[in-house]
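Let's take a friendly walk through some side chains and the contacts they make. Have the sequence and the 3D view ready, and look up each residue as we come to it.

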Amino acid sequence: MTKLTPYNGRQGTECPTVVREEEEEEQRMGSRRERSGMASMSDDLVANIVGRLPAVSFASAACVCKSWRRVCSQVLSRPKLASALSLNPSAAIALQEVVDKVLSEPIFPHFAIVHAAQGFSLADALRYISRKLGSRTPVIVSRDAGIIGIDAATNEVKEVEWEDDSGDEVFEINRNHGIVLTVGFVPGLKVDCIPLVRLAEGTAMVDKFIMDIREYSASISGCAAPVGLIMFGDGSADIKCAVEKLDSAMPVETAIVGDERGTCLYRAVNDLRNVHGSQECYTDAVALVFAKERNSSPAVGEIRFHVALSDGVSVVGPRYRAVSVRTRDDVTWLTARREGQTEVLDGESILNEIYDEMDNRVEYPELYIRVTKRRKHDIGAEKAKLITSLSFHLVHRGDEEYLYVDGASIKTGDYFQFYYADPAAAVASCNEVSTSLRSLNLGCNSKSSYQAAGSAGNAEKAEVFGGLMFACCGRGAAFFGRPNVDSSPFVENFPGAPLAGIFCGGEIGCCSMRSGDQGSRGGSSTHHCCHVYSTVYLVMSYTPAPPAPPGTTLGG
């Protein structure tokens, strides 16, 4: 079987390789081509031919000779995101459909992300994709509450939520159907998977996780901070504290997005990191790490990750301060005082105050508390830093003793305030995101990189070449009353650019495109990276390098 391996070398100096059983056969084919006159074809004609090839044939063409290698590097000189979604009821056919669609055009796979329904075996999907793309492509396969992507059959953007136990199937489909595959080519960056490991009889090794990310980035770029991180957590582990610590350890320039609670498998390029299935440890989460290559060619431009956030909650009631705090089975029991008052309130009293404040605005409100935490964070032997962070916790119930909330990281003295899911706030926030993306679009080409590469006048203009979304599983068509609200800010601003994403149970996003305390590390010293009822957008843009001076040649 012919397999793709990623093109990780410098443009114009190294070529992507194709794994073949017989190298001698390739040499014989090259000799026959030369004798038949193919060597005399002009570069323009070769580019016209190879640019129409599917990915596997394109990779083969790049290995014919040096001149074809150079032409292929020119055809695929800019980053590219290729993505496809299938709702075919046959898992095998759906997987084949998305693979065929994504690999139907030239691309060198630097990373792959798969989101699949319950009808798919994650292990089988991982093996199949890994076999198709080759051992040098890191792959993450996950399962969540729904998928977002461009239908392979219709080329329409679809937001698909899988049915739950509520019986409301108006906006949902069978949870066994649906898969979306995303493959990325990011010249100038190196990509690999790094796991957050937990020993069988211990806690998650968060410090090691952060140091592994730093060491990987430093080995590639000479800088301990990567360009971006895409995280996927395991639903059985609470990784809020790990994400908060990671956020505090990274500079604002590092984009961090992902899914806090899901089910995932992965395969890293470095086989030492492939620890899932081990009897000695578990994987609580995995990060896809994007690090800038220090020795990339001058012809390689700059890839940037932009993060935007759409909120879907509104505040209600006063601020409270936790008084008595107990934890059992990952649930916190607490009492609290109103800010500025001395009376200690039980859970029932607190909730009655909140319901009175809401005045029946929502019949069955889903409530959260957002806790302000001041904690000392240290990594390894580094000096501890005092970090302020915001974290949401789902409210379970209240009684005459305690208020019961999800999670186990609240302490006596922490301040908190109540929030409820609010579709009107979510719509307004989506409009704000659209405006933010529009301002990004003013300086960018809205075409995909592959389209823009052949367009006149795009030599140095930035372009958006794709995006990823992480939307709360409580949002979607049932929440808004109409479909595709969450995807509309991206689709309206960047028509034609690939988009993929998921509906998940905990959105990770360190926002770089808005101010205020709802996630901006740039505009506030308060960190806020774990959200509820939100949608996190990762927009990928590329600015080409300035053209070389006349008479200068790059590469061979």
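## Before we start

This is a predicted model, in which local features need pLDDT of at least 70 and side-chain atom pairs count only at pLDDT 80 or more, while totals for chains, interfaces and linings use all residues. Residues are numbered from 1 along each chain as its sequence is written, and side-chain values use heavy atoms, with hydrogens and water left out.

Helices (H or I, at least four residues) and strands (E, at least two) are DSSP runs, numbered from the N terminus. A residue is buried under 20% relative accessible area, exposed over 50% and partly exposed in between, using a 1.4 Å probe and protein chains only.

## Aromatic rings that meet

How many aromatic pairs does the structure hold? There are 17 of them. Rings of Phe, Tyr and Trp (its six-membered ring) pair if their centres lie within 6.5 Å; planes under 30 degrees apart count as stacked, over 60 as edge-to-face and the rest as tilted. One of the pairs is W333 with Y402, which is tilted, with 5.6 Å from centre to centre and 55° between the planes. W333 belongs to strand 16 (residues 331–338), while Y402 sits in the loop between strand 18 (385–398) and strand 19 (403–406), so this pair links distant parts of the chain, 69 residues apart. Both W333 and Y402 are buried.

Now find Y368 and Y533. Their ring centres are 6.3 Å apart and their planes stand at 70°, so this pair is edge-to-face. Y368 is in strand 17 (residues 367–377) and Y533 is in the loop between strand 26 (530–531) and strand 27 (535–543), so the pair ties together parts that are 165 residues apart in sequence. Y368 and Y533 are both buried. They also belong to one aromatic cluster, together with F392, Y419, F479 and F480.

## Charges over rings

A charge sits over a ring if NZ of Lys or CZ of Arg is within 6 Å of the ring centre and within 35 degrees of the ring normal. R319 places its charged end over the ring of Y415, 4.4 Å from the ring's centre. R397 has its charged end over the ring of Y404, at 4.1 Å from the centre.

## Salt bridges

A salt bridge is a side-chain nitrogen of Lys or Arg within 4 Å of a carboxyl oxygen of Asp or Glu. By this rule, the count is 16. Among them is the bridge between D284 and R198, whose closest N and O atoms are 3.0 Å apart. D284 is part of strand 13 (residues 281–292) and R198 is part of strand 10 (residues 189–199), so this bridge ties together parts 86 residues apart in sequence. Is D284 buried or exposed? It counts as buried, at 5% relative accessibility, whereas R198 counts as partly exposed at 22%.

Another salt bridge joins the side chains of K245 and D207 (2.6 Å, N to O). Here the partners lie in helices: K245 in helix 8 (residues 240–249) and D207 in helix 7 (residues 206–221), so parts 38 residues apart in sequence are tied together. K245 is buried, with a relative accessible area of 15%, and D207 is partly exposed, with 23%.

R261 and D406 also meet in a salt bridge (4.0 Å, N to O). R261 lies in strand 12 (residues 255–267) and D406 in strand 19, so the two tie together parts 145 residues apart in sequence. R261 counts as partly exposed, at 22% relative accessibility.

## A closer look at S83

S83 is in strand 3 (residues 80–86) and counts as buried at 13% relative accessibility. A polar contact is a pair of N or O atoms within 3.5 Å; within protein, one must be able to donate a hydrogen and the other to accept it, and residues adjacent in sequence count only if both atoms are side-chain atoms. The S83 side chain makes such a contact with the side chain of T182, at 3.1 Å. The side chain of S83 also reaches the backbone oxygen of L181 at 3.1 Å.

Which residues does S83 contact, leaving aside its neighbours within four places in sequence? With contact meaning heavy atoms within 4.5 Å, they are V102, V180, L181, T182, L499 and A500.

A disulfide is a pair of cysteine sulfur atoms within 2.5 Å, and the structure holds 0 of them. C193 counts as buried, at 0% relative accessibility.

For C241, the closest cysteine sulfur is in C530, at 9.0 Å, again too far for a bond. C241 is partly exposed, with a relative accessible area of 45%.
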